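User: Hi, I have a structure open and would like to talk it through. Can you help me read it?

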Amino acid sequence: MTAVMEKPVASHERAEGGRPWAAVIALAGFETRRLLTMLPMLIAFVVYIGWTVWRTGKDWGGFPALQDADRATQSAPLLIGLTVLLCVNRAALRSRRHGTEPYFGTLVMPPWRRTVAHALSALAAALLTAVCVAAQFAREAFRPGAIGHGSVSELLVGPLTVLLAGLVGLLLAGLLRSALAAPLLVVFALFLFLFLWGTSDDGSRWLLPVVVESTNNTLPSDLLGRPAGWHALYLAGLALCVGLTAVLLAGGRKPLLLVGIAGALAMALVGGVIQTGGESPELVRARERASDTPEQLQSCVERDGSTYCAFPEWGPRVGDWDGVVDRVRSLAGGGAQDQKIVVRQRIAARDGLSSDSALTPLERPHEVTVGTQWGGNRVPEFSAAVAGVLVAGDEKASTSICDGRIVTVMWLALGWESDPVAALRRVRLDDSDTGSAIVLQPTDGLSMTEAQTEVLRELLARPRGEATARVKANWAELTEPKVTAARAARLLGVAAPEGDDKCA
């Protein structure tokens, strides 16, 4: 009888035969479960989801523009990204921390495959973030008042940021075998974001994972000028480059990985260079045209004798604007009750989303400005603009009112509200309902004296039918230039004001 002696198979040879990737997938599943059930990750997702649910719908008063809603999904995943960075780094250093690194030499799975498993766990966290982002955007998109168009590229920024952060944590574990490296990197990243690039308006800001805007200006989708697609390509290439480098450092197949790293670096460079290239001349001209001559880009519809002109995406808003105009006119007297007006949507788009310039009042008779945002405080602001035009004749004249006519204007603007005093607070710059204040409008504001505020409060406290009858019966005198607050009080049958009646 003879014995056949076979040469022992080295561990790396055994790993290459059979089903090596099945083992990687199994380990990735284990690491994913462990990652997503770590206490910091659970806390981060609870905070992220709780904050998202609480904030959703409040930024736009229930009437979102989807080209803003997609960007609103980007900042909160930064919390998940930083947490994934720390947790993936900690998981990759687990064997060194527990002193079990020497025992891995006896396993059939080489180190680089274990690194791939950790990378897949970071990918799983990114996919879970993508589900949350999709749910957040869908909730806004299905609101009855939603308008505009979202961008898939903008929605990808949050998940890609999480993936990039997790892979950076993995690469850091391969470069520095220290548990302090990842926390220090997080502190440095927060410092860099907040103090160096957080307020930058030049092209370098696009090198950050998330690019925030300095204002909450809402523009038509085709005027945004954000290179969202190139930014997503930049983040994807950067994440792929970092992940492949981590696998290479762990001993992965060098030729294939070098080719992959070169391709990923090319993606990141192409996206990075193009996204920082600035705005095209065509975009600049389109913004100027929309700002200076919006009527060339708008379509107009007529309802109840009044005309409403809006940019294409805002067509569904016409019904809301018309409802406010009808309610304001129903409280007016004289010829103002049947006065036909033109509601013109206007924007300040010259500087894109960074623009914070105010709109100048229109001088054309019976033409009213409406902005691109709606809901919340924007409703009484538009109502005040309509009331001012009905009383003064045009926007320029209404913003110059400095007498008792402001009582009539504000009655028309707020008298139809279910809680007019609360609406008064919302429409005033200092959120007050006593004393003097500035009343906000889509263009320049109105000025209210202390005496005028007193008379208005007294009028709003009366039954609506009684107050409306008083206003209509004395419409001619109430809308006469230079009428005083005291005279308006007598005409309206309320107590004479005690406060100052001088405009600021």
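User: Let's start with strands. How many bridges join S3 to S4, and do they run parallel or antiparallel?

Analyst: Strand S3 (residues 342–345) and strand S4 run parallel, and four bridges join them. One caution: this is a predicted model.

User: Which residue in S4 is the bridge partner of Arg344?

Analyst: Thr369 is the bridge partner of Arg344.

User: And which way do the residues of S4 point?

Analyst: S4 covers residues 367–370. Glu367 and Thr369 point one way, while Val368 and Val370 point the other way. All of these are buried.

User: What lies in the loop between S3 and S4?

Analyst: His366 is found in that loop. Its phi is near 55 degrees, which is positive, and His366 is not a glycine.

User: Why point that out?

Analyst: Because most residues other than glycine have a negative phi.

User: Is His366 buried, partly exposed or exposed?

Analyst: Partly exposed, because its relative accessibility is 24%. The cut-off for buried is under 20%, and exposed means over 50%.

User: OK, now S1 and S2. How do they run, and how many bridges join them?

Analyst: Strand S1 (residues 299–303) and strand S2 (residues 306–310) run antiparallel. Five bridges join them. Arg303 stands opposite Ser306 in S2.

User: What do S1 and S2 form?

Analyst: They form a hairpin, with two residues between the strands. Asp304 sits in the turn and has a positive phi of about 55 degrees.

User: Is Asp304 buried or exposed?

Analyst: Exposed, because its relative accessible area is 56%.

User: Let's zoom out. How many helices and strands does the chain have?

Analyst: The chain has 21 helices and six strands.

User: What is its radius of gyration, against that of a compact globule?

Analyst: The chain has a radius of gyration of 31 Å. A compact globule of 504 residues would be near 23 Å. Along its principal axes, the C-alpha trace spans about 125 × 45 × 40 Å.

User: What share of the residues count as buried?

Analyst: Of the 504 residues, 48% count as buried. As for the surface, the chain exposes about 23,800 Å². Carbon and sulfur atoms supply 61% of that area.

User: What about contacts along the sequence?

Analyst: Take contacts between residues at least 6 apart in sequence. Of these, 74% join residues at least 24 apart.

User: Next, the inside. Which residues touch the most other members of the largest nonpolar core?

Analyst: Trp321, Phe382, Met410, Trp411 and Leu412 do, in a core of 66 residues. Helix H14 (residues 378–392) gives the most to this core, with nine residues.

User: Why would nonpolar side chains be found together?

Analyst: In soluble globular proteins, nonpolar side chains tend to be buried together.

User: Helices now. How far apart are the end C-alpha atoms of H10?

Analyst: They are 32 Å apart. H10 (residues 228–249) has 22 residues, so at 1.5 Å a residue it should span 32 Å, which agrees. Just after H10, Gly251 takes a positive phi of about 100 degrees.

User: And H5?

Analyst: H5 (residues 77–92) has 16 residues, so it should span 22 Å at 1.5 Å a residue. Its end C-alpha atoms are 22 Å apart, which agrees. Its buried residues include Pro77, Ile80, Val84 and Val88.

User: Where is Ser121, and what does it touch?

Analyst: Ser121 is in helix H7 (residues 111–141). It counts as buried because its relative accessibility is 2%. Leaving out neighbours within four places in sequence, Ser121 is in contact with Ala28, Glu31, Thr32, Leu35 and Val88.

User: How far is Ser121 from Phe30?

Analyst: In sequence, they are 91 residues apart. In space, they are 8.6 Å apart, C-alpha to C-alpha.

Conventions: Residues numbered from 1 in each chain as written. Predicted model: local features only at pLDDT ≥ 70, side-chain atom pairs only at ≥ 80, totals over all residues. Heavy atoms only, no water. Core = buried A, V, L, I, M, F, W, Y, C linked by side-chain atoms within 4.5 Å. Buried < 20%, exposed > 50% of the residue type's maximum accessible area, 1.4 Å probe, protein only. Expected span 1.5 Å × (residues − 1). Rg over C-alpha atoms; globule rule 2.2 N^0.38 Å. Contact = heavy atoms within 4.5 Å. Areas by Shrake-Rupley, 256 points an atom, 1.4 Å probe, with all protein chains shown as cover. Pairing = 2+ DSSP bridges.
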